[in-house]
Amino acid sequence: MLLIHGLFGNLDNLAMLRRQLNDDFNIVSIDLPDHGKSQHSTQFSFTRYAESVTELLIELKITEVSIVGHSLGGKVAMQIALEHNDLVRSLVVLDIAPVNYEPRHENVFKSLRNVKLNQVHQRSDADSMMSEYLTEPSVKQFLLKGLYQDSVSNTWHWRFNLDLLYREYNRLSKALESAHSYIKPVLFLKGELSDYLQPEYTKQTMELFPASRVRVIRGTGHWLHAEKPKDCAKHIRTFLLN
């Protein structure tokens, strides 16, 4: 099983879900390009991200895999499935559809770009700078996981490629495109309180993934895998093992 995190994240974001599934699957967790400790690039495309992940799987001599992806990672997972049908045995997509989304991270980007890294002496300094545009402590805490201090220069940096993600955000929000569909099983898990999966997305989704189904995790938002990892894992386990 391959686990792929979402925007601004890293491989640790799905750690709670990974712990729930470790006994049943051999799990590989990755940092997407431009995230975590992966290399930074100069241009985004779903195809390029998908190829980067596929190259890693080939390097690891993995010839068949089930993929679980959250948000941006879910879109990348879907792109991999569309382009490499033989490689992907089955697919679980956490709270995202293969459709175009209107911009919804404006304040997040404003908060991140408001952080003057050369003025950061401790993590709380960045928190204060972000607070001008973001008030939710959980969101700030998540984003601050991407902030680190270089042990040699003592300077502060973002692990994710903020400049690229800001510049290419419209491309990250675009719908997936493919000349063919992925006909193997796909499970979409929706957070009940999230608006990322809407009924009007069904037609476009079924065109690309005709063997898909949707299950709802009650009482959760977009971060369903962190809010109710046991429930998510139960649905994933049932889907993949039955």
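This is a predicted model: local features need pLDDT of at least 70, side-chain atom pairs count only at pLDDT 80 or more; totals for chains, interfaces and linings use all residues.

User: What radius of gyration would a compact globule with 242 residues have, and what does the protein chain have?

Analyst: A compact globule with 242 residues would have a radius of gyration near 18 Å, and the protein chain has 18 Å, so the two agree. Buried residues make up 50% of the 242 residues, and among contacts between residues at least 6 apart in sequence, 73% join residues at least 24 apart.

User: Which residues touch the most other members in the largest nonpolar core?

Analyst: That core has 59 residues, and those touching the most other members are Phe-8, Ile-67, Leu-91, Leu-112, Trp-158, Leu-165 and Phe-209. Helix α3, residues 72-83, gives the most to this core, with seven residues. Apart from it lies another core of 19 residues, including Leu-14, Val-92, Leu-224 and Ile-236.

User: Let me pick one of those. What does Ile-67 touch?

Analyst: Leaving out residues up to four places away in sequence, Ile-67 touches Leu-2, Ile-4, Ala-77, Ile-80, Val-88, Ser-90, Leu-91 and Val-92.

User: Switching to helix α6, which of its residues are buried?

Analyst: In helix α6, which covers residues 137-144, the buried residues are Lys-140, Phe-142, Leu-143 and Leu-144. They pack against two helices, α4 (106-113) and α5 (123-130), and also against the strands β5 (147-149) and β6 (156-158).

User: New topic, then: what is the volume of the largest pocket?

Analyst: The largest pocket has a volume of about 880 Å³. Of the 36 residues that line the pocket, the closest to its centre are Leu-7, His-105, Phe-142, His-222 and Trp-223.

User: Which helix gives the largest share of that lining?

Analyst: The largest share comes from α6, with five residues. The helices that each supply at least two residues are α1 (15-21), α3, α4, α6, α8 (169-172) and α10 (224-227). By class, the lining has 17 nonpolar, 11 polar and eight charged residues.

User: What about cavities: how many of 30 Å³ or more are found?

Analyst: A search of the whole structure finds one cavity of 30 Å³ or more, and about 50 Å³ of space lies in the largest cavity. The residues that line it are Phe-8, Gly-9, Asn-10, Asn-13, Gly-36, Phe-142, Lys-145, Gly-146, Arg-159 and Phe-160, and they divide into three nonpolar, five polar and two charged.

User: Last topic, backbone angles. What is phi of Lys-61, and what is phi of Ser-71?

Analyst: Phi of Lys-61 is near 60°, and phi of Ser-71 is near 55°. Each is a positive value in a residue other than glycine. Lys-61 lies in the loop between α2 (46-59) and β3 (65-70), while Ser-71 is found in the loop between β3 and α3.

User: Are those two buried or exposed?

Analyst: Lys-61 is exposed, with a relative accessible area of 72%, whereas Ser-71 counts as buried at 10% relative accessibility.

User: And Glu-106, where does that one lie?

Analyst: Glu-106 lies in helix α4 and counts as partly exposed at 42% relative accessibility. The C-alpha atoms of Glu-106 and Tyr-133 are separated by 9.3 Å, although these residues are 27 residues apart along the chain.

Technical notes: Residues are numbered from 1 along each chain as its sequence is written. Side-chain values use heavy atoms; hydrogens and water are left out. Buried means under 20% relative accessible area, exposed over 50%, partly exposed in between (1.4 Å probe, protein chains only). Helices (H or I, at least four residues) and strands (E, at least two) are DSSP runs, numbered from the N terminus. Contact means heavy atoms within 4.5 Å. A nonpolar core is a set of buried Ala, Val, Leu, Ile, Met, Phe, Trp, Tyr and Cys residues joined through side-chain atoms within 4.5 Å. On a 1 Å grid over the protein atoms alone, a cavity is a set of points where a 1.4 Å probe fits but cannot get out, and a pocket is an open set with protein on both sides within 12 Å along at least five of seven lines; lining residues have an atom within 4 Å of a point. Grid points are joined across faces, edges and corners, and a volume is the space filled by probe spheres set on the points. Ala, Val, Leu, Ile, Met, Phe, Trp, Tyr, Cys and Pro count as nonpolar, Asp, Glu, Lys and Arg as charged, and the others, Gly among them, as polar. The radius of gyration is taken over C-alpha atoms; the globule rule is 2.2 Å times the number of residues to the power 0.38.
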